[in-house]
Amino acid sequence: MNRPKIRVLIVNHGNSSLDELILQLENNKNIEVVGLALHRELAVSLIQKMAPDLLILALGEPDRRHVDTIETIMATCAIPILVMRYFPDSQWDMEFIAHGALAVVPNQGASANAVRDLHRQVEILVGVKVIRHIQGLRNTLTASSRILPVSENAVALDREWPYVLAIACSTGGPQALSKLLQALPAVFPCPILIAQHIADGFAKSMVQWLDRITELDVRLAQENDILTAGRVYVLPPEHHLVVKKHHRLAAIPRQESDVYHPSCNLLLESVAEVYGEKSVGLIMTGMGSDGCRGIDAIFQKGGRTFAQDEATSVVFGMNKFAIDKNVIHKTLPLDKLAGALLAMAHYGKFEGKLP
């Protein structure tokens, strides 16, 4: 008989190795990361909503506010807490324990022994009964209304994503992407994957520019990245990337015969295959026909498809191919795309809810 999985919530305070931590935890088939939070108010909301078995507080640097986070959580909704610090300074360890954490461990890297020790810690701590630390209420936010709703703030994992968005674009794409991403909020509840045709070596500067001008977390995608809501993954041109099971990205070597890089088709086809009806494809301005086959795959799998219209496209090529093939559910001008994507995420369905 299979035992229930240990459900872990991670509160991330400045830890840049979050994807690695999730990989290490879920390397154990009995452990499941069910959610992520970036601050204590959101952590409280997620605990109340999701009832995880264990909270891991991942700390990137020493700060008194981490003690306040533990105090607030233990005063509001007691849960076993494991503190994992990614810095050598141990001066706050006893404060963490005094305010309710069950254990504090320094990160030991990704060796087999370190991962095994992490699994052992998790399995031990979930069996410990904890009680609320009432005195901590003195430092909790005075009004519970300041705890923001999960629906507006949670970095949700797969089963809570409304959909996964894959975008294909080429000529004129960077400018169009900047306008689209600036119109989306930082708490956009879906992962966003972008295949933008670009010369080798230039993707990094484009990512830095987009990250600076938008509220979203924009990063250069890499192999083994784990998809997260509210995060934008821009594919590098030096190789192709696709989505595999467990929401991870995998690299495919580029061939000399490949005309387009990165490949829009390969990305969109993988999203269609993995997410089916929860996949959304958007094909924007660009020369050529790359992305049309991928949009078709999403369409055939029951996902939803958008295209940027001719009037707002620098080059009406990729999107025209898809429109002419009758695999686009909705064609919209650039300034209407964000609203349509948000409406879909909010209402949970496509029909009748788009502007």
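Which loop holds P262? Select P262 and you land in the loop between β12 (249–252) and α9. Keep in mind as you click around that this is a predicted model.

**On to α9 and α10**

To see where they touch, pick N265, L268, E269 and A272 on α9, then C292, R293, G294, I295, A297 and I298 on α10. Colour this contact by class and you get six nonpolar, two polar and two charged residues.

Stay on α10 for a moment. Then step past the end of α10 to G302, a residue with a positive phi near 90°.

Next, select H247, in the loop between β11 (240–243) and β12. H247 isn't a glycine, yet its phi is positive, about 65°. Is H247 buried or partly exposed? Its relative accessibility is 22%, so H247 counts as partly exposed; the cut-off for buried is under 20%.

**Over to α2 and α3**

Now jump to helix α2 (residues 40–50) and helix α3 (residues 65–76). This pair packs at an angle of about 30°, with 10 Å between the axes. Angles under 35 degrees count as roughly parallel, so α2 and α3 are roughly parallel to each other. Their crossing is right-handed. For the contact itself, select R40, A43, V44, I47 and Q48 from α2 together with D68, T69, T72, I73 and T76 from α3. By class, the contact has four nonpolar, four polar and two charged residues. A handy thing to remember while looking at helices: with 3.6 residues a turn, residues three or four places apart on an α-helix point the same way.

**Last stop: A51**

Finish in the loop between α2 and β3 (54–59), where you'll find A51. A51 is another residue to check for backbone angle: it has a positive phi of about 50° although it is not a glycine. With 51% relative accessibility, A51 counts as exposed.

Note on methods: Residues are numbered from 1 along each chain as its sequence is written. This is a predicted model: local features need pLDDT of at least 70, side-chain atom pairs count only at pLDDT 80 or more; totals for chains, interfaces and linings use all residues. Side-chain values use heavy atoms; hydrogens and water are left out. Helices (H or I, at least four residues) and strands (E, at least two) are DSSP runs, numbered from the N terminus. Axes are lines fitted to C-alpha atoms, for helices over the stretch in contact, and angles run from 0 to 180 degrees between N-to-C directions. Angles under 35 degrees count as roughly parallel, over 145 as roughly antiparallel, 65 to 115 as roughly perpendicular and the rest as oblique. A crossing is left-handed if the near helix is turned anticlockwise from the far one by less than a right angle, and right-handed if clockwise. Contact means heavy atoms within 4.5 Å. Ala, Val, Leu, Ile, Met, Phe, Trp, Tyr, Cys and Pro count as nonpolar, Asp, Glu, Lys and Arg as charged, and the others, Gly among them, as polar. Buried means under 20% relative accessible area, exposed over 50%, partly exposed in between (1.4 Å probe, protein chains only).
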